[in-house]
Amino acid sequence: MFTGIIEKTGKVKSLAMKKGNLHLQIEASFAGNLKLNESVSHNGACLSITPLTKTRYEVMAVKETLARTNLKYIHVGDTINLEQSLPANGRIDGHFVQGHVDGTVKCQSVKKLKGSHLFTFICKKGDNKYIVEKGSIAINGVSLTIANTTSTTFSVAIIPYTFEHTNFKSIKAGEEVNVEYDILGKYMIKYLETVKK
């Protein structure tokens, strides 16, 4: 379980496909503190760690993860958002983020405002039922509040700190990002669909 408050960013140092799985080596300042099989959110996708050095570790993304996330588009040198899992006695500064990415959405536009940036994303067909104005959403693992919605899009406002300390500063129109819809909303919709039957 995560909160969507990004702790650090890391750099992708190497990529290798082995038996259909993508192995990524990540350089991160907290790599030396990680333990074998510890869960860390990578652009919102929960992956298990294999420590390598004090500054580098390896993770593996299986076929299912690659199908649902933007990790399939990652390149050596790319910046990736990182968050360690939430301790049982920790504070939830964002919202409940499982690290189970629902899929990707495409960035439609980035608008620079006075003191913030407004990012607009295109919803996939049928997914707008998970999106409510002022509700929670995780984009590349970042816990965000939905600023506004249409039948086909939603927008989020990114404050300067988040813009500078995550990979939001490199997201451009046309790029795909990982999205995880609010788990509480998904359970509610599932319940209501079941009751209707």
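Four aromatic pairs occur in this structure, which is a predicted model. A pair of aromatic rings is described by the distance of the centres and the angle of the planes. For Phe119 and Phe168 the ring centres lie 4.9 Å apart and the planes stand at 85 degrees, so this pair is edge-to-face; the cut-off for that class is an angle over 60 degrees. The two residues come from distant parts of the chain, 49 residues apart. Phe119 belongs to strand 9, while Phe168 sits in the loop between helix 2 (160-165) and strand 13 (176-181). Phe119 has a relative accessibility of 0% and therefore counts as buried. Phe168 is also buried, with a relative accessible area of 0%. Together with Phe121 and Phe154, Phe119 and Phe168 make up one aromatic cluster.

Strand 9 covers residues 116-122 and pairs with strand 12 in the antiparallel sense, over six bridges. Within this pairing, Leu118 stands opposite Ala157 of strand 12. Strand 12 itself spans residues 153-158, and five of its six residues are buried, which leaves the strand mostly covered. Strand 12 also pairs with strand 11 (residues 142-149), again antiparallel, through three bridges. Here Asn148 has Ser155 in strand 12 as its bridge partner. Strand 11 and strand 12 form a hairpin, with three residues between them.

Strands of a sheet pair through backbone hydrogen bonds, either parallel or antiparallel. In this sheet the pairing is antiparallel and the strand order is 4-3-7-1-2-6-5. Strand 4 (45-48) and strand 5 (50-51) are the edge strands, each pairing on one side only. Further in, strand 1 (residues 8-18) and strand 7 (residues 79-84) run antiparallel and are joined by four bridges.

Two residues call for a look at the backbone angles. Most residues other than glycine have a negative phi, and most peptide bonds are trans. Asn43 is not a glycine, yet its phi is positive, at about 55 degrees. Asn43 lies in the loop between strand 3 (39-42) and strand 4. With a relative accessibility of 2%, Asn43 counts as buried, because the limit for that class is under 20%. Lys134 likewise is a residue other than glycine with a positive phi, near 70 degrees. Lys134 is placed in the loop between strand 9 and strand 10 (136-139).

The cysteines remain. How many disulfides does a search of the whole structure find? The search finds zero. Cys107 shows this in terms of distance: the nearest cysteine sulfur, that of Cys123, is 13 Å away, and Cys107 is in no disulfide. A disulfide would need the two sulfur atoms within 2.5 Å. Cys107 has a relative accessible area of 2%, so this residue is buried. Cys46, by contrast, is partly exposed, at a relative accessible area of 32%.

Notes
Residues numbered from 1 in each chain as written. Predicted model: local features only at pLDDT ≥ 70, side-chain atom pairs only at ≥ 80, totals over all residues. Heavy atoms only, no water. Pairing = 2+ DSSP bridges. Buried < 20%, exposed > 50% of the residue type's maximum accessible area, 1.4 Å probe, protein only. Phe/Tyr/Trp six-rings, centres within 6.5 Å; stacked < 30°, edge-to-face > 60°.
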